[in-house]
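Biologist: I would like to go through the aromatic rings of this protein with you, one question at a time.

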Amino acid sequence: MPVNFDEKLYFIQSAEDIKRFMRGMEPYPNLCPVCNFHISPHFILVHEKWISDHEKLEEVLCGCPRPECNSLFFAEYEHLGYQGDRPYYELIKLYPSAKFDENFAETIAELSPKFVTIYNQAKHAEKEGLDLICGVGYRKAIEFLVKDYAIKLNPSDEEDIKKKFLVPCIKEYIPSQNIVFLTERAAWLGNDETHYERKWQDKDVQDLKMLIDLTCKYIDMELTTEKYKLEMAEPRR
Ligand SMILES: [Zn+2]
């Protein structure tokens, strides 16, 4: 039997309807996932979605009141139970979220366009709540970044750099000890994201992102310094 939505949709047309159909869902969402502004959304309808005989979600269709955005989005609530006759819910997520790409320094974007693409895919996965798999993406991103950097410094060893494992590769080809240090730590945390058992219980994806951010800054500093060394090697008379 196809789903009959007529029995599961509640249209919200007044403040009374909000009280009636959204009882127990307070506090209401105050953020638009599309534009990321704090807002007081318009509520349009509530859809009761049963996921088993005794478990249900409420999907609330909302509208962002900002004229620049005017997007529709969903607030999804899990029904947790009743206090007396009053239902109570937990707000689980707001979606869809807009893609906000991370902006990297020009030197980094030029050095490794693949790094930028992979990093932003991982970031988007993280924003969508895929927190168990985004770390693998971040780990892959830093490998592209530092290997592209190693190739830039050692163009004749490109094939060897591509083939080698990350950590031995950077130790051999990257002279900056800070970049080697940071990449090695990122690889350790990256392994935690890939393997069954976590070795660094007190570290997480945010630490991995911080290590990548620092690595970008060091590479940017090195490349920018090199540029000035080339452009301004000698004093002008
Ligand atoms: Zn908005």
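Modeller: Buried means under 20% relative accessible area, exposed over 50% and partly exposed in between (1.4 Å probe, protein chains only). This is a predicted model, in which local features need pLDDT of at least 70 and side-chain atom pairs count only at pLDDT 80 or more, while totals for chains, interfaces and linings use all residues. Residues are numbered from 1 along each chain as its sequence is written, and side-chain values use heavy atoms, with hydrogens and water left out.

Biologist: How many aromatic pairs are found in the whole structure?

Modeller: Rings of Phe, Tyr and Trp (its six-membered ring) pair if their centres lie within 6.5 Å, and planes under 30 degrees apart count as stacked, over 60 as edge-to-face and the rest as tilted. Searching the whole structure on that basis gives a count of nine.

Biologist: Which kind of pair do Y28 and F43 form?

Modeller: The ring centres of Y28 and F43 are 5.2 Å apart. Because their planes stand at 65 degrees, the pair is edge-to-face.

Biologist: Is F115 buried or exposed?

Modeller: F115 has a relative accessible area of 0%. With that value, F115 is buried.

Biologist: Which residues do ring pairs link into a cluster with F104?

Modeller: The rings of F104 and F115 have centres 5.0 Å apart and planes at 65 degrees, so this pair is edge-to-face. Ring pairs join F104 into a cluster with F115, Y119 and Y138.

Biologist: How far from the ring centre of Y228 is the charged end of K227?

Modeller: A charge sits over a ring if NZ of Lys or CZ of Arg is within 6 Å of the ring centre and within 35 degrees of the ring normal. The charged end of K227 sits over the ring of Y228, and its distance from the centre is 4.6 Å.
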